[in-house]
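Hi,

Here is the structure I promised to pass on. Have a look at it first, and then read my notes below.

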Amino acid sequence: MDVINPDLQRYAEDHTSTESNLLKRINRDTHAKVMAPRMLSGHLQGRLLSMISKMIRPRRILEIGTYTGYSGICLAEGLTNDGHMTTIDINEELESSVRANFAEAGLSNKITYVIGNASIILPTLTEEFDLVFIDADKENYANYYNMIIDKVKPGGLILADNVLWSGKVLLEKKDKDTRAIVSFNEMIKNDSRVEKVLLPVRDGIFMIRKLSLQNF
């Protein structure tokens, strides 16, 4: 999934602030006990998510795709004192361990963890969000984006993970998930409501900033 030379990846991680002991443990446990551990954000991306969150100090965060809670904990590090995060995941088998991770991080009262289908849950949300992280099923990236763009405050950020898809976006023959990612990327590229930059970090992160009404 890394799109840079592995040695450069290790060099970057070595010069990046360390994970907390809790995040290190979640990282280890995910790789030892959970299917598809490559879905975990990991050290470098996790610190990037934390840094972005700390820079914008969001009051409301939405995460689509909780997995084992690693990225959610990183994002929550930047919440305001009265801030709150909603995170959605369809995998109920991980619920008890994720809730335990959030509790150990002292975030049980700061995070609403919802198990269910994001396509059904997102239209029911009435809050406005300062920061959104999309890291779920690739086939629905465009759908999730369209569901939440009007719920993001002007100036707010949307971060979409895996937008380079292990480099498969460059292949001539593309599978279903790759085609979905390519279609999503083109949609964002052509969306005049936002300014955007695609970062080649780990598996690619699209950083998308919603413009105010007077800008489009």
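First, a term you'll need: a pocket is an open set of grid points where a 1.4 Å probe fits, with protein on both sides within 12 Å along at least five of seven lines. Also keep in mind that this is a predicted model.

Now to the pocket itself. The largest pocket holds about 700 Å³ of space. Its lining is made up of 35 residues, and Met-39, Tyr-67, Asp-89, Asp-135 and Ala-136 are the ones nearest the centre. If you sort the lining of the largest pocket by class, you get 16 nonpolar, 11 polar and eight charged residues. To find part of that lining on your screen, look for helix 4 (70-76) and strand 2 (84-89), which each supply at least two residues.

Next, the salt bridges. There are 14 of them in the structure, and here are a few to click on.

Asp-135, one of the residues nearest the centre of the largest pocket, forms a salt bridge with Lys-138, and their closest N and O atoms are 3.4 Å apart. Are these two buried or exposed? Asp-135 has a relative accessible area of 12%, so it counts as buried. Lys-138 is buried too, at 8%.

Asp-82 pairs with Arg-59, with 2.9 Å between the closest N and O atoms.

Last, the surface. Val-3, Ile-4 and Leu-8 make a nonpolar patch of about 220 Å² there. Leu-8 belongs to helix 1 (residues 6-14). Its relative accessible area is 52%, and exposed means over 50%, so Leu-8 counts as exposed.

Cheers

Key. Residues numbered from 1 in each chain as written. Predicted model: local features only at pLDDT ≥ 70, side-chain atom pairs only at ≥ 80, totals over all residues. Heavy atoms only, no water. Patch = residues over 30% accessible without salt bridge, like charges linked within 9 Å, V, L, I, M, F, W, Y side chains within 5 Å. Areas by Shrake-Rupley, 256 points an atom, 1.4 Å probe, with all protein chains shown as cover. Salt bridge = Lys/Arg side-chain N within 4 Å of Asp/Glu carboxyl O. Helix = DSSP H or I, 4+ residues; strand = E, 2+ residues; numbered from the N terminus. Buried < 20%, exposed > 50% of the residue type's maximum accessible area, 1.4 Å probe, protein only. 1 Å grid on protein atoms, 1.4 Å probe; cavity = no way out; pocket = protein on both sides within 12 Å on 5 of 7 lines; lining within 4 Å. Points joined across faces, edges and corners; volume = space filled by probe spheres on them. Nonpolar A, V, L, I, M, F, W, Y, C, P; charged D, E, K, R; others polar.
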